[in-house]
Amino acid sequence: MVLSPVLGKLVSKRVVLASASPRRQEILTNVGLRFEVVPSWFKETLEKSSFAAPYEYAIETAKQKALEVANRMHVKHLRTPDIVIGADTIVTVDEQILEKPVDKQDAYRMLSRLSGKEHSVFTGVVIIHCSSKDNQLETEITDFYEETKVKFSDLSEELLWEYIHSGEPMDKAGGYGIQALGGMLVEYVHGDFLNVVGFPLNHFCKKLAELYCPPLKHTIQHIKHDSIPSVDTFESLSDGESESSSFKEHKGAIKLDSPSGVICNSENSSGVRTGSVVPLENQNGVSDSAAKVPSKILDLMDGFRASKALFVASKLKMFDHLKKKSPLKAVDIANEAGTSVCGTERLLDACTALGLLEKTPQGYSNTDSANTYLASDGEYSLHGYIIHSNDHLWPLFTHLESAVKEGSRQNHRAFGKKTEDLFNDYYQSQEVKQRFMAAMHSIARLTARDVATAFDLSEFKTACDLGGCTGALAHELIQIYPNMKVTVFDLPEVIANTSCFQPSEQRVASVTFVSGNFFTDDLPEADLYILSRVLHDWPDEKIHILLKKISAVCRPGSALLVAETVLDEQKIHPPRVVLQSLSMTEGKQRSGSEYKQLLEKYGFTNTQIKITGNLLDVVLCFKKSVILACTEIA
Ligand SMILES: Cc1cn([C@@H]2O[C@H](COP(=O)(O)OP(=O)(O)OP(=O)(O)O)[C@@H](O)[C@H]2O)c(=O)[nH]c1=O
């Protein structure tokens with residue numbers, strides 16, 4: 001969930017951050033933005049003297065970085081992003097622009113120049129909206145910059161060199177990192193701290209607000225914000241309960257006539273009520289309510305309500321009704337769904353509060369995201385996965401306490417069945433089987449493009465997707481690599497039910513479905529084997545059997561592509577996947593180095609990992625050549 005509804009506007013878009021800077025990635029990740037990282041290849045070599053002001057140089061560099069990525073993705077990867085974000089940070093002192101030092105001497109020159117003085121840090125940012133018309137890339141560019149003033153203390157030679165030897169200055173503009181050791185050098189900062197770190201988040205959100213949510217005049221009259229824009233788009237998403245509205249957070253000063261905390265409601269031009277909270281003051285007259293709002297904890301506390309509201313609205317096909325016809329009143333939807341009017345109205349309001357629907361005096365309508373992801377026929381429908389989450393995962397999670405106490409999956413408590421019996425159920429009940437396959441199909445459709453293009457796979461003429469289910473990834477592969485033939489290998493019960501998931505107008509002949517059990521049957525021949533969302537599900541013994549078999553059939557030079565979410569080395573990110581582990585399958589989620597180690601054990605080398613920013617990351621490795629293997633044994 002993104003805290004700001006403004007950032008929420010980007011949730012359904014393919015957003016690309018054209019930057020290798022880990023700081024920028026972290027700043028945007030921390031606010032819940034989902035994006036893919038594609039570092040720019042643009043060399044920062046623009047002629048500085050040709051710019052009238054330093055910020056113009058920063059903006060132009062940011063623009064060139066982002067345009068290079070937008071073009072490359074459009075032309076080379078055949079993937080036009082919706083939005084590309086680029087940034088460039090520079091430090092200016094005595095009218096000189098300082099970028100990243102090239103070596104330690106250069107860092108010394110920069111830092112000794114900054115010693116004892118105030119300097120400016122400028123970050124230029126561009127937001128490029130991309131579209132493809134007649135195969136041509138079209139762009140709309142928005143840019144801005146932010147300046148922050150920073151003053152350094154007098155730095156002794158000793159401190160300076162100690163800092164340089166720490167290695168920190170090398171990848172940072174001006175040769176310092178204010179967020180880490182470099183913070184020790186700083187006497188004061190005037191302006192946005194994150195701008196110095198590399199990304200002016202506040203200004204960025206304001207720009208998005210301008211782009212996506214133009215200010216509503218009525219609301220502005222009542223509120224004056226210092227550092228947060230004067231629109232109602234920065235209120236944290238509340239759960240709609242009356243007491244929770246007092247937790248709506250407004251950073252910055254809010255000046256109102258009333259001296260104590262009050263909630264002001266106003267009607268904006270579209271008749272939507274907007275509430276804004278004036279912080280209560282403490283005894284010293286200092287506003288401290290913002291500091292006390294545990295928004296994150298409140299979100300976690302209430303998360304289950306939001307999930308269940310989504311599940312029920314999906315199960316009752318409300319998004320489907322609204323996709324067919326809108327706006328609709330609660331009573332019309334209740335009639336269609338066979339539900340109570342008052343219950344339906346509450347559910348629709350909850351979905352509106354969650355940003356899934358829009359509400360006007362004429363009735364409710366789907367948002368674009370709801371049409372795309374929630375309607376069961378949406379282009380990237382998650383309907384199947386949502387129903388699976390409701391019917392299968394929700395009951396399991398209600399027994400989480402027992403799962404933690406006993407260290408085992410709770411199928412017996414949740415469904416009255418042992419894991420093996422439940423597993424067999426999938427292949428006995430047609431309805432459960434179809435639902436499970438629809439769930440897998442949803443995720444595969446949503447991730448297929450990123451999995452297929454994470455690496456250039458054009459050298460492989462044949463691929464075999466082991467456990468490839470409905471063939472969603474296979475179809476994406478043949479779209480991108482027209483010369484590739486893909487075999488989807490899965491259990492007979494699965495293969496027998498794939499027909500309803502097939503695209504109508506594709507070169508179906510390039511995809512072949514073969515039934516079999518990858519633990520016991522011979523694997524089809526291929527140059528590239530694919531295991532997408534397979535490894536995390538199985539215990540080590542089973543993985544051993546599978547990887548040994550794949551390794552045995554792989555010719556030297558053949559490759560294995562694993563699509564899974566790759567955890568960070570601490571195994572706490574991304575939280576979605578860490579939480580998935582709580583369902584206690586016998587398998588486990590792995591970090592990049594764990595995948596590398598595992599694959600090496602079975603003779604796969606040259607492991608490359610691509611974090612896609614989508615739900616699945618991609619690991620590509622190659623079967624060791626025979627000569628290499630002999631040398632190593634020798
Ligand atoms: C002053 C300061 C800068 N930085 C980093 O300096 C790099 C600037 O270089 P850039 O050219 O704008 O970006 P990059 O790192 O080369 O990435 P890219 O966007 O791919 O060009 C960015 O990393 C910033 O975080 C800090 O981490 N802390 C600080 O206090």
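**Entry 1: the chain as a whole**

I began with the secondary structure, which comes to 25 helices and 18 strands. The model I am reading is a predicted one. I then looked up how much of the chain is hidden: of its 634 residues, 47% are buried. The accessible surface came out at about 31000 Å², and carbon and sulfur atoms hold 53% of that surface. I also checked how far apart in sequence the contacting residues lie. Taking contacts with a separation of 6 or more, I found that 66% join residues 24 or more positions apart.

**Entry 2: the ligand**

Next I turned to the ligand and asked myself which residues come nearest to it. There are 21 residues around the ligand, and the nearest are Ser19, Arg24, Lys65, Lys100 and Val197. Sorting this shell by class, I noted eight charged, seven nonpolar and six polar residues.

Which elements supply at least two residues of the shell each? I wrote down helix H2 (22–30), strand S3 (83–93) and helix H6 (193–197). Strand S3 gives the most, with three residues.

I looked at some polar atoms too. The side chain of Ser21 has an N or O atom 2.8 Å from an oxygen atom of the ligand. For Thr89, a polar backbone atom is 2.8 Å from a ligand oxygen. For Tyr176, a backbone N or O atom lies 3.4 Å from an oxygen atom of the ligand. Then I looked up the cover: the ligand taken alone exposes 610 Å², and the protein buries 95% of that.

**Entry 3: the nonpolar cores**

Here I met Tyr176 again, this time in the largest nonpolar core, which has 45 residues. Tyr176 is listed with Ile85, Phe152 and Phe204 as having the most contacts inside this core. I followed up Ile85 and, leaving out residues up to four places away in sequence, found that Ile85 touches Val15, Val16, Leu17, Ala18, Leu33, Ala66, Val125, Val126, Phe199 and Phe204. There is also a second, separate core of 27 residues, with Ala454, Ile480, Ala559 and Ala563 among them.

**Entry 4: Val93**

I went back to strand S3, where Val93 is found. Is Val93 buried or exposed? Its relative accessible area is 2%, so I put Val93 down as buried. Beyond its neighbours within four places in sequence, Val93 is in contact with Leu98, Arg113, Leu114, Lys117, Glu118 and His119. I picked out Glu118 from that list: Val93 and Glu118 are 25 residues apart in sequence, and their C-alpha atoms are 7.7 Å apart in space.

**Entry 5: two loop residues**

My next stop was Gln410, in the loop between helix H16 (400–406) and helix H17 (411–415). With a relative accessible area of 1%, Gln410 is buried. What does the side chain of Gln410 reach? I found the backbone oxygen of Ser408 at 2.9 Å. Not counting residues up to four places away in sequence, Gln410 touches Leu396, His399, Ser402 and Ala403.

My last stop was Thr612, in the loop between strand S17 (604–610) and strand S18 (617–623). The relative accessible area of Thr612 is 3%, so Thr612 counts as buried. The side chain of Thr612 reaches the backbone oxygen of Leu616 at 2.6 Å. With residues up to four places away left out, I listed Phe35, Glu36, Asp450, Ala454, Asp617 and Val618 as touching Thr612. I had already noted Ala454 as one of the residues in the second core.

Note on methods: Residues numbered from 1 in each chain as written. Predicted model: local features only at pLDDT ≥ 70, side-chain atom pairs only at ≥ 80, totals over all residues. Heavy atoms only, no water. Near = heavy atom within 4 Å. Polar contact = N/O pair within 3.5 Å; in protein donor to acceptor, adjacent residues only side chain to side chain. Areas by Shrake-Rupley, 256 points an atom, 1.4 Å probe, with all protein chains shown as cover. Helix = DSSP H or I, 4+ residues; strand = E, 2+ residues; numbered from the N terminus. Nonpolar A, V, L, I, M, F, W, Y, C, P; charged D, E, K, R; others polar. Core = buried A, V, L, I, M, F, W, Y, C linked by side-chain atoms within 4.5 Å. Buried < 20%, exposed > 50% of the residue type's maximum accessible area, 1.4 Å probe, protein only. Contact = heavy atoms within 4.5 Å.
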